[in-house]
Amino acid sequence: MKERETVIEVKDLKVNIKIDDGVLTAVRGVDFCIYKGETLGLVGESGCGKSLTSKAILGINTNNCTASGEIIFDTTAGGKKDLLKLNPRGKEIRDIRGKQISMIFQEPMVAFSPMYTIGSQINECTRLHITKDKGKSKELSLAMMKKVGIANAEKRYDQYPHEFSGGMLQRALIAMALVCNPKMLIADEPTTALDVTIQAQILELMQELQKEMGMAILFITHDLGTVAKMCERVAVMYLGKIVEVATADELYANPRHPYTKGLMGSVHKIGAKKTERLFSIEGTVPLALNLPPGCGFYERCHERIEGVCNVREPELTDIGGGKLEHQISCFACMNPSCEEKKEDPVHG
Amino acid sequence: MWKYISKRLLIAIPTIILISFAIFFIIQLPEGDYISSYISRMTSEGERFTEADIQALRAQYGLDKPWYAQYFVWMVNIVTKGDFGYSFAYSRPVWSVIMDRLPLTIIVSLTIMIFTYAVSIPIGIYSALHQYSVGDYIFTAIGFLGMAIPNFLLAIILMYTSFKWTGDPLIGLFSTDMLQNGIHFYNIGEFLKHMIIPTIVIGTSGTCKVIRTVRAQMLDESVKQYTLTARAKGVSERVITYKYCLRAALNPVVSGLASSLSSIFSGSTISAIVMNLAIQGPVLYDALKVQDMYLAGTILLVQAILIIIGTLISDIVLAALDPRIRLAERGA
Amino acid sequence: MALFKKKEKNNEDYYLASQWTLMGRKLVKHRLARISMFILGFLYISALFANFIAPYNLTAYDSKYMNLQPTKVHMFHEGNFEGPFVYGIDVERDAKTKQKIYVENDEVYKVQFFVKGSEYKLLGLFKTDRHLFGVEEGGKIFLFGADSMGRDLFSRMFLGSQISLTIPFVGASISFILGLLLGGISGYFGGMVDNVIQRVIEVLSSLPTIPLWMALSAAIPANISVVKVYLYITIILSFISWTGLARVVRGKFISLRNEDFVMAAKLAGVTDFKIILKHLVPGFLGYLIVNVTLEIPSMIIGETSMSFLGLGIRSPATSWGVLLEETKTITSIATYPWRLIPLFAVILTVLAFNFLGDGLRDAADPYK
């Protein structure tokens, strides 16, 4: 069922960062789309460019970053718009932020300003986007706080961030993001800073809310476990490019890109022998400055083809038999014979 | 909140007592006392004193007792009678000498403080928002220069410049006919004109410090996570700067209120000597030179108390500004 | 700049460099800090060799030439190139104001280098009488003019720099040690000790600095040696400024002493003192150094102010503050503007230390 409506389409997104030693192309051409109501996972190591990509959508990267490409978003009133063409300080993009596309962040403890109450900060969102009426907007904020499971919401409304626990703050952050009923939520590692039990609660909360409110979610993480729980489709990112996109089931069953295979291999599995060492991909992620030509994963890849992989850069190509359900960006693993050759990274 | 304030006031009292003790000890450190410097001055003019004379003089002024006894007497008098002692040089009670100049000292200090903050906070914000721009560099350079030139020299240079340009060196705080005909409200213009140089001279180093602090703090705050959250909510840049960043950035500025007052007292002391301003500075200087100890001691004590009051005020403002501090105090 | 060749930065090299190497590299990149380091280096070296550089020593005076304007060094005499020389000076009286004015005549006195002059001890060790430059017998070379007693300002400036540049340094060092010690003890042990030290700090900071310095300086006895005066002044200056540093150190200690690595060290049996020295201090040493560097300018101004008021250095020693005392009145500047020259030395030094401190602070900040 191919003709699903997309909420957002990212085409050839590049983000350049100006640093002392030159220009760092941190995001080197990223393509993906998110369908209405679905959760797309964006997975990758720290520094691969996930955050920059997500922030580029809202135009909130720092001043030394420049983005190019296209980000086509289906706005509520104005039809499809390229977000990158909007002035990052202008009224149009501010109208979209918080109202049509919202974002929640990794560390809830520092995401709120310590000077103002939680209630007033959530309220700021409703007053900006929904109504200027103080009473009505407070009602909306309180309702949302209750919906995300903050007990004693009336009392909590007037409390300050430092009086909340981490899990509570993340709920408040979610409340603030969803209070205006956006079409899309960007969740940038929302549970990384929380302990495991709270993590589970927050993830469940997000799933419930999605079912109820119908928004799409771009779920960014480096934790393969949460991806399995939350996402329908997953995009794997390495060194500023997407190297594999598939449905979650496909990805876990048949990872095709050497990097993905390495990632899967490094996750500890229930039932593995106690004495087995965890697999780790050798080498470290290179700096995205003065990269040699060819595939970014070349140095660390077990299946690289000399003369091919270090000369041209591979493009995202469909390998799922034309159904766009599984795409990888690789020369070596295009054909199914790659699967037989599949070296078991742990035992091979 | 009131508990906090009353607790601080209570602690302030022993602090003040300690301070008065320290001050008195320091004042009487120089060898000899008022009598000895008086005698040496009179002797150089040809007067002669006998041992008995000297003893009598000392007894008359209570200077024959050991210094801790003198301190005790002084303290008791202050607390019970509000009597701050006797000024040998002026032959008047210390309090009347001080009251001659205290109101003016406070007015001048407050004016300079208001000027300092009113000028430096906006400049600091501007510098932070336009980092590395031409304006930023210019302000930074002026700031550095202001801090590097000792204020008494700045005073002289400015007086000289004003003299060359306008023929009026603006010495003192009041023009000559103000002094003759009394001071009235319509003289405020004159007063402010004369305040220009002292304000620049005394206020500059404080201004520069505040500008640098505000600039650094604004830069720090503007990259904090909560600004990102606010931006992602759709809040405009202006609101982010003034509502969020500024409030957090003011924290160290407010903390520095008391030290700013202290530096104003400091700077004004020397500048007043050079510029002949009718405030405390020159009086203190002369009192120290002739060991007019009750006068010198009281001036220092008054300044210290004003600074402690300033500290208290700044702590209160800080608690009002930053809810985390309020909570810490409540819990403490 | 061949000393700072840009090495090929290997990734690994960068990751493994120690904290100090990283700081050093960053500091050198900061242009203003580099310039400041050179300027300060120049100033301190010339202070070290001041006796050599100055043509006249501290006690030389000639009342014939009081308030002489700066001597002009000429190259050409009546059209012929003679090498650097000065003219002799005649004293005349202005017809209208009856003031003394100085006029050049035609006696030529050549400027010589490595001349014999008054005797002194180079670096305090070697007796010698050679000076960098001077003029032939009979001539006077007052490059920055003379003061009201006919003393050469140029010489006195360089000789005065020995005091004006070292007192703040020594004072700042004492402040540093006191602040580190007392702040550390206060922060680490807490409780009663902390309370007492905090009260002391409060008392000291409630007193405005300059009045306090004035009071303390007035207490310096009248007839003691120059060295003792120097010591007293240094102690007076550091007397208050250690409080600022102590507060900062205490704050850092309080926030760090509850960290897990301190607990770990304690459990491993490390003594308290060693914990302080080896584990806590290196963490914020950079920040402390910055603080101390920024204390120095205020001490320079402090010493200058005290000497200006006549409460600091006394003759025959001299410092920039003493030299500036002569500029107390407008008429003085109007008539003898060269007396302001030491002011530029003060400004230059203060600015240099400020920029250096800023550069150090930027270099020490790991997040930039």
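Mentor: One term before we start: a residue is buried if 20 or more other C-beta atoms, placed from the backbone, lie within 10 Å of its own, exposed if 12 or fewer, and partly exposed in between. This is a predicted model, where local features need pLDDT of at least 70, side-chain atom pairs count only at pLDDT 80 or more, and totals for chains, interfaces and linings use all residues. Residues are numbered from 1 along each chain as its sequence is written, while chains are lettered from A and ligands numbered from 1 in the order in which they are written.

Trainee: Okay, is Asn80(C) buried or exposed?
Mentor: Asn80(C) counts as exposed, because 7 C-beta neighbours lie inside 10 Å.

Trainee: And which strand is Asn80(C) in?
Mentor: Strand E2 of chain C. Strands (E, at least two residues) and helices (H or I, at least four) are DSSP runs, numbered from the N terminus.

Trainee: How many bridges join E2 to E3 in chain C?
Mentor: There are 8 bridges between strand E2 (residues 80-93) and strand E3 (residues 100-122) of chain C. Arg93(C) stands opposite Lys100(C) in E3(C).

Trainee: Switching to chain A, what is the strand order in its open sheet?
Mentor: In chain A, 4 strands run in the order E2-E1-E4-E5, with antiparallel pairing. Strand E2 (22-35) and strand E5 (79-82) of chain A are the edge strands. Neighbouring strands of this sheet are turned by 5 degrees against each other on average, direction ignored.

Trainee: Where is the bridge partner of Asp74(A)?
Mentor: The partner is Lys80(A), in E5(A). Strand E4 (residues 65-75) of chain A is joined to E5(A) by 4 bridges.

Trainee: Now chain B: how many helices and strands?
Mentor: Chain B has 15 helices and 2 strands. Of the 332 residues of chain B, 40% count as buried. The C-alpha atoms of chain B fill a box of roughly 85 × 60 × 35 Å, taken along the principal axes.

Trainee: How many residues of chain B are in contact with chain C?
Mentor: On the chain B side there are 37, in contact with 32 residues of chain C. Contact is when two C-beta atoms, placed from the backbone, lie within 7 Å. Among the elements giving two or more residues to that side of chain B are helix H1 (2-27), H6 and helix H14 (293-321).

Trainee: Which residues of H6(B) meet H9(B)?
Mentor: Phe139(B), Gly143(B), Gly146(B) and Met147(B) in H6(B) meet residues of H9(B), including Thr204(B), Cys208(B) and Arg212(B).

Methods:
Pairing = 2+ DSSP bridges. Axes fitted to C-alpha atoms, helices over the stretch in contact; angles between N-to-C directions.
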